[in-house]
Amino acid sequence: MRPSTPYRPLDITVPFPELKGWARTATRLHPRAGAPGTADSSVGGPLLWPADEAWPECGAHAAGTPGIAPERERRYRRLVREVYDRPRTPDGGLAYSAEERAELDALSAAPWHRPDRHGGGPLPLLALAQFFVRDVPDLARFAPAGADLLQVLWCPFSDHEDGPFNEFGPYTRLYWRRAADVAEPLAARPELPLVEGRYLPEPCELSPERVVEYPFADYLPEELAARIDGWEDAFQERLGEAAPGYQYDLSLAPGWKIGGWDSWHKTDLVRVYCDACGTEMRLLLTVDSYDSGGSWGPYPLVAPSTGIKVGRDGEYRAFVCPADPAHPHRMSMQ
Ligand SMILES: [Zn+2]
Ligand SMILES: [Zn+2]
């Protein structure tokens with residue numbers, strides 16, 4: 001069964017019709033473990049990449065940089081899943097063997113104790129995701145003329161300053177193409193010698209679903225935001241915890257998505273402007289550590305299976321320039 005958003009608690013444009021002018025559609029992606037191919041939209045799947053095009057690299061890492069080999073990270077995840085799936089011990093604990101405990105401890109060591117070291121030289125980027133316009137309706141508004149496929153690659157280490165706010169996260173590259181132009185697809189993508197474990201995606205298939213979103217309150221005129229606050233307070237007085245709130249229940253969907261509005265719940269609103277032309281940028285992609293929150297938890301509720309954790313269990317977002325898709329994108333962590 002494909003995950004989908006449950007019915008909305010209420011239509012916020014009934015008490016606040018002026019929000020209709022602020023509505024944006026977003027496509028929730030709902031990535032779940034699967035076996036996608038090069039012709040599928042996916043997170044962590046193989047890309048439809050031209051065999052004769054150089055695979056992008058990152059040269060920012062000195063020899064000796066600590067990381068974990070992807071096969072070790074996968075071993076760690078398998079082991080965790082096995083242990084969690086087992087019956088608990090009589091006192092309710094996880095049923096590890098001593099060997100498993102030792103192996104898990106070694107594989108989940110603190111960053112400076114990561115088990116593997118970079119041998120030096122540029123590292124190939126990691127295929128994070130690809131999205132076909134035919135699968136993800138909100139992608140069409142961002143696609144340069146003729147393009148119908150967006151591919152996202154990243155360098156899976158935290159120590160890049162890839163964003164306007166002096167934040168550190170993976171270095172990302174976005175590629176737009178026309179799928180029909182890839183006459184001869186690359187047979188096998190390069191495997192990385194090491195990664196930061198939380199940036200290694202599991203192969204996931206998508207269940208794209210279009211929803212309507214309204215802006216983070218700081219984008220709204222102050223007077224309107226204040227009225228929404230007052231409405232929320234009155235609602236809460238009557239219903240207590242059961243009252244839906246604007247931020248987490250009625251405006252912004254959590255999870256991986258294309259388009260829609262950007263949340264600034266961990267900081268305050270920071271408007272993102274294009275480096276090249278100064279135009280205010282627009283949210284293209286949200287990479288999220290979770291797929292649920294507030295009233296938006298999809299049904300059936302299955303734990304996210306991308307394997308990816310960004311920031312402090314947060315979101316990593318790509319913003320693009322609406323004036324010119326060729327202008328460089330910017331990333332922001334939240
Ligand atoms: Zn890098
Ligand atoms: Zn621009």
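**From a residue pair to the domains**

Cys 155 stands opposite Tyr 171, a residue of strand β10. The model is a predicted one. The strands β9, covering residues 149-160, and β10 run antiparallel to each other and are joined over eight bridges.

These two strands belong to an open sheet of six strands. Read across, the order is β2-β11-β3-β8-β9-β10, with antiparallel pairing. The edges are formed by β2 (32-33) and β10 (169-177), each of which pairs on one side only.

Next comes helix α3, residues 222-239. How much of α3 is buried? Of its 18 residues the number buried is one, so the helix lies largely in the open. A residue counts as buried here if 20 or more other C-beta atoms lie within 10 Å of its own. Just after α3, Gly 240 adopts a positive phi of about 65°.

At the level of the whole chain, the domain assignment gives two parts: domain 1 is made of 17-62 + 119-333, and domain 2 of 69-113. Their centres, taken over C-alpha atoms, are separated by 30 Å. Where the two meet, eight residues of domain 1 are in contact with five residues of domain 2. On the domain 1 side, the touching residues are five nonpolar, two polar and one charged.

Technical notes:
Residues are numbered from 1 along each chain as its sequence is written. Chains are lettered from A and ligands numbered from 1 in the order in which they are written. This is a predicted model: local features need pLDDT of at least 70, side-chain atom pairs count only at pLDDT 80 or more; totals for chains, interfaces and linings use all residues. Two strands pair if DSSP finds at least two bridges between them. Helices (H or I, at least four residues) and strands (E, at least two) are DSSP runs, numbered from the N terminus. Domain bounds come from an automatic or database domain assignment. Two residues are in contact if their C-beta atoms, placed from the backbone, lie within 7 Å. Ala, Val, Leu, Ile, Met, Phe, Trp, Tyr, Cys and Pro count as nonpolar, Asp, Glu, Lys and Arg as charged, and the others, Gly among them, as polar. The expected span of a helix is 1.5 Å times one less than its number of residues. A residue is buried if 20 or more other C-beta atoms lie within 10 Å of its own, exposed if 12 or fewer, and partly exposed in between; C-beta atoms are placed from the backbone.
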